[in-house]
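Please keep the structure open as you read.

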Amino acid sequence: MSIRTMRAPRARRTPRATGTPGAPDGASGGTGTTATARARRAGRRGEGAWGWLFVSPMVVILGLFLVLPILMALWVSLLRWDGQSNPFSGQADFVGLDNYRTLLTQDGLDRTLFATALRNNAYYVLLTVPLQTILALGLALIVNQKILRGRGALRTTFFFPSVTSSIAVSTVFLFLFQGSGAVNSLLSWIGVKGPNWFADPRGVLSLVLGGLGIVDPERPAGVLADHSVMGLSWFEWLSGPSVAMCTIILLAVWTTSGTFMLIFLAALQDIPRELEEAAALEGANRRQLLRYVTLPALRPVLFLVLTLGLISTWQVFDQVYVMGQGAPGNTTLTPAFLSYSAGFDNADFGQGAAIAFILLALILCLTGFQRWVLRERGARTGRKR
């Protein structure tokens, strides 16, 4: 008998008792694995159902008080509605995109006012956001020094304007910056005659160019006067913020820097000390340490601060309402206040809602652009096949 014949009986073994009779060895294990996977999937579905059950109250609240009002306002922006009837009945006139065309493309007072509001708010954003960010970062670096005495008192002092009522602070600024107020009194001590701050509609850049003899602010000529955008001449777009708007900018920087200082301070305290010690061992001075260690570590927080500042400055309303309501000469007019005025003063809630949604689209676009600018630019390694 050959060796192959002798080994053949060993290959025919009786199936194990744990499996199905006559089934392969892996059948029992496969069935168990499938059952376990099904049990896990059922467990995950159960956990997901319980999760949705627990968060459902907040989802319902957000839907009722956030999503639903936004959708209702979007519908109102397509109507000519005076606020006296039901906007979802036939009493309100459906005008489609006419409210948006009136603000963006059609010549008239509405488009001119909207362009003026955009110009004023653009200068407000361009000056307020960088100033408050730089001041907040500087204050955070100062109060983060361990050798500084009274750090707690300084933090409280710098943060105090942020928790004070904006209406109260705006009222105080009205008294400080009036014609015979404390600010002009201090300027008179050094021989400077201060302007009538809240009654001066002149643009700061036009005053500077006029002082240098480049442009006549009273009678601009040439390309700046001959061309216009949305009803405003190029000179009006480039004249800069008015003296009154500069006062509101100072107020905004002073009241918001404390909040952003705390955000930067928390981020500074979260930077590993090993990085700073390693840079110091390499011979880096304070300026190099700030540039190559601190600022790169603060990139996510910097994006957060800039985004919050961008959103809040485009939505400025309370300071404008208290300190000028657009005066003098609409140089403190902003889109948020114009939206309020269109609805509650002129009974044109459709146009007010349209202004709000144009402002929303503008904020989203600028936030996306800002995120693209501050993105990580590290080298990407491609996949190797």
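**Notes on the model**

1. Start with isoleucine 263. It is partly exposed, with a relative accessible area of 24%. Buried means under 20% relative accessible area, exposed means over 50%, and partly exposed lies in between (1.4 Å probe, protein chains only). Isoleucine 263 sits in helix α11. Its contacts, leaving aside neighbours within four places in sequence, are Val301, Leu304, Val305 and Leu308. Contact means heavy atoms within 4.5 Å. Isoleucine 263 and leucine 137 are 126 residues apart in sequence, and their C-alpha atoms are 9.1 Å apart in space.

2. A word on the basis. This is a predicted model, in which local features need pLDDT of at least 70 and side-chain atom pairs count only at pLDDT 80 or more, while totals for chains, interfaces and linings use all residues. Residues are numbered from 1 along each chain as its sequence is written, and side-chain values use heavy atoms, with hydrogens and water left out.

3. Now the whole chain. The protein chain has 17 helices and four strands. These are DSSP runs, numbered from the N terminus: helices are H or I with at least four residues, strands are E with at least two. Of the 385 residues, 31% count as buried. Take contacts between residues at least 6 apart in sequence: 68% of them join residues at least 24 apart.

4. Is serine 242 buried or exposed? Serine 242 is buried, with a relative accessible area of 2%. Serine 242 lies in the loop between α10 (234-238) and α11 (243-269). A polar contact of 3.2 Å joins its side chain to that of threonine 331. Such a contact is a pair of N or O atoms within 3.5 Å; within protein, one must be able to donate a hydrogen and the other to accept it, and residues adjacent in sequence count only if both atoms are side-chain atoms. A polar atom of the serine 242 side chain also lies 3.1 Å from the backbone nitrogen of methionine 245. Beyond four places in sequence, the contacts of serine 242 include Asp200, Arg202 and Thr332.

5. Which residues touch the most other members of the largest nonpolar core? They are Phe114, Tyr124 and Trp314, out of 37 residues in that core. The largest share, seven residues, comes from α11. A nonpolar core is a set of buried Ala, Val, Leu, Ile, Met, Phe, Trp, Tyr and Cys residues joined through side-chain atoms within 4.5 Å. Phenylalanine 114 touches Leu103, Leu104, Met230, Leu338, Ile355 and Ile358, not counting residues up to four places away in sequence. A second, separate core has 15 residues, among them Leu137, Val143, Phe260 and Ile271.

6. Look at α6 next. Its buried residues are Val169, Ser170 and Phe173. Seen down the axis of α6, these fall within an arc of 100°, so they line one face of the helix. The arc is that of the directions from the helix axis to the C-beta atoms. An α-helix has 3.6 residues a turn, so residues three or four places apart point the same way. The buried residues of α6 pack against α11 and α15.
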